[in-house]
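Subject: A structure for you to explore

Hi there,

Here is the structure I promised to pass on to you. Have a look at it first, and then read my notes below with the picture open beside you.

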Amino acid sequence: MTGWHLDDDTLRRYVERADSLAEGASAEQHLLSCEPCRTRVNVAASVTELSVIDLAMVWDRTRDAIEVPRPSVFERLLRGAGLPASEARLVAVASAFRGVWLTGAAAVLAFAALAAAMGHARGAWLFLVVAPVVPCLVVAASYDPWMDPALEPELVTPYPALRLILLRTIAVLALALPAVLLFGLTVPGETAFAWLLPAVGFVAAVLAASTWVSPLRAAVAVSCAWLALVSLLATRPGSPDAIIQGRAQVGFLVLAAGSFGIFLLRRRQLRQLRPWR
Amino acid sequence: MPTASISLRDAGRTFGATRALAGVDLDLKPGVTGLLGPNGAGKTTLLRLLATALPPSQGRVRVLGLDPEVPAERTGIRRQLGYQPQEVGFPRGFTAFAFVDYIALLKEWTERAARHAEVRRVLDLVGLSDLGAKRIRAMSGGQRRRVALAQALLGSPAVLILDEPTAGVDPEQRVVLRTVLAEVARTSVVVLSTHQTEDVAALCERVIVLDRGRVRYDGPVTDLVAQAAGRVWLADEPDPAASVSWRTGTGRYRNVGGRVRDGAEHVEPSLEDAYLLLRGGAAEDEPAEEVAS
């Protein structure tokens, strides 16, 4: 150690990190061997209340940048729609919102809409079969235990399962309905929009049936029943639209209201919560 | 602070015609309690009852003085509960950090900075601090078990239920996990099921042996080991009368139970010896009881 010490100006600039790289390195070299100057640095930092680097904070930010997964496009959309960040994450992690699922559903819809738009005789039938069941299949996929393998740790958390299921259902509908509507625009006739109420009815039916069987089984059963009904009508003369017109629409409304009522009444028996009977 | 506790009275659980658990009476206080028993003995069923993942078919369960059959009280229990199931499925594409962060959200950690700090704390505890960004699918079996344990440790729960937490974990990490669990057990009720008797011997002050859904032994580990004192011996030949007998690395036969022959060398019994003796050398897997119709 020499008799030389950092002058006040150099010390201040070092503490404020306003010095040059070379000046800082020189000051640091001196500080390594000079206890009195190190004491002066501490005093200067505390007296002037300068923001000394919080290494823990810096380390946390570094780990955040590495470890915290970037929100998906869908999650960012949910946040943009006003959902709190934490709930947007809970909704977005469901398997149903993974690209492969959405791409698959969109491809099937696009195919059906294209067939209908080209005026193929069976095109309208195909769209009628596919459009109403896509939302209920994706809803089921958003909370089925088979699709959601983290079920058991999720089950014993305090977060209400009913809320999680409804959040995911609403998110699915918000995503699926506009997409199907968009494809529907290419379909001639009333089929383009008349499937909406059946779709809502089927989603409600799946929620209600999930209190007895697994959501995916419920959705497959509803889809098969719908396919059988449309196939049966296809063998008869007349327009396929008959099933989604007039009184039939009232029937779908009743199905939706009744099923949702059953779902709320039997929510404790949800298949998701099947152990707790 | 009230003492964490669990009590079961005549608790039982059936699945259809199969009785998985019958007439269990237990009182559990802070500390580590080990559950031993063959496959199908009812260990997982008992743990799921305690974790509110399954309701009892009969009897009464109270966790922290709360009744899990009352929805509001069940939620109260879950706020103070950590549970590591036997099998944890991980959503596709998740990293360790993302999975634990997801469970933390469900555990009502809504404030981002605090949640991330807690996720890091538990990942650090289980020795995964450097693997937070690694995809779980690319991890070894032991690392996945540690991810599952990390989510159970979130929030320093008053009740920690662990189903085979050390299965597939390497010896060094098992020692680390024992240290972590011993620390947690200073204030929390920790119940773990395992097939590793050395974990129970090293960690648990109390052991419960289940057999066909019933409690076969409940008491201090040392007392169970003491029951085998003088009944474990080495000989040049296996003893047909012994409960179990196997050839050791030295070429001699370790006999547990039976009549000690002249010239046999007595050895200190281990917990495994005592457990095997208690079970009488029965086959490892046992079918659960059928419920009388």
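Let me start with a definition: two strands pair if DSSP finds at least two bridges between them. Helices (H or I, at least four residues) and strands (E, at least two) are themselves DSSP runs, numbered from the N terminus. Please keep in mind that this is a predicted model, in which local features need pLDDT of at least 70 and side-chain atom pairs count only at pLDDT 80 or more, while totals for chains, interfaces and linings use all residues. Residues are numbered from 1 along each chain as its sequence is written, and chains are lettered from A and ligands numbered from 1 in the order in which they are written.

**The four-stranded sheet**

Chain B has an open sheet of four strands in the order β11-β12-β10-β13, with antiparallel pairing. As background, strands of a sheet pair through backbone hydrogen bonds, either parallel or antiparallel. At the edges of this sheet are β11 (244-247) and β13 (265-266) of chain B, each of which pairs on one side only.

β11(B) is joined to strand β12 (residues 253-256) of chain B by four bridges, and the two run antiparallel. Arg247(B) stands opposite Tyr253(B) in β12(B). β11(B) and β12(B) form a hairpin with five residues between them, and Gly251(B) in the turn has a positive phi of about 95°.

**The six-stranded sheet**

Chain B also has an open sheet of six strands, ordered β5-β6-β7-β3-β8-β9, with mixed pairing. Its edges are β5 (81-84) and β9 (214-220) of chain B; each has a single partner strand, so one side of each is left without a neighbour in the sheet. Direction ignored, neighbouring strands of this sheet are turned by 15° against each other on average.

Within this sheet, strand β3 (residues 31-36) of chain B and strand β7 (residues 189-193) of chain B run parallel and are joined by five bridges. Val32(B) stands opposite Val190(B) in β7(B). Helix α9 (residues 271-279) of chain B lies across β3, β8 (206-211) and β9 of chain B, running at about 35° to β8(B). For such angles, axes are lines fitted to C-alpha atoms, for helices over the stretch in contact, and angles run from 0 to 180 degrees between N-to-C directions.

**One helix, two neighbours**

Now look at helix α3 (residues 96-106) of chain B. It packs with helix α5 (residues 141-153) of chain B at an angle of about 30°, with their axes 9 Å apart. That makes α3(B) roughly parallel to α5(B) (angles under 35 degrees count as roughly parallel, over 145 as roughly antiparallel, 65 to 115 as roughly perpendicular and the rest as oblique). Ala96(B), Phe99(B), Val100(B) and Ile103(B) of α3(B) make the contact with Val147(B), Ala150(B) and Gln151(B) of α5(B); residues are in contact if their C-beta atoms, placed from the backbone, lie within 7 Å. By class, this contact has six nonpolar, one polar and no charged residues. Here Ala, Val, Leu, Ile, Met, Phe, Trp, Tyr, Cys and Pro count as nonpolar, Asp, Glu, Lys and Arg as charged, and the others, Gly among them, as polar.

With helix α4 (residues 112-125) of chain B, α3(B) packs at an angle of about 120°, the axes being 10 Å apart. α3(B) and α4(B) are therefore oblique to each other. On the α3(B) side the residues are Ala96(B), Phe97(B), Val100(B), Asp101(B) and Ala104(B), and they meet Arg115(B), Glu118(B), Val119(B), Val122(B) and Leu123(B) in α4(B). This contact has seven nonpolar, no polar and three charged residues.

**Domains**

How is chain B divided into domains? The assignment gives domain 1 (1-80 + 158-226), domain 2 (90-156) and domain 3 (227-290), with bounds that come from an automatic or database domain assignment. The centres of domain 1 and domain 2 of chain B, taken over C-alpha atoms, are 23 Å apart. Their contact takes 11 residues from domain 1 of chain B and nine residues from domain 2 of chain B.

Enjoy exploring!

Notes: Two residues are in contact if their C-beta atoms, placed from the backbone, lie within 7 Å.
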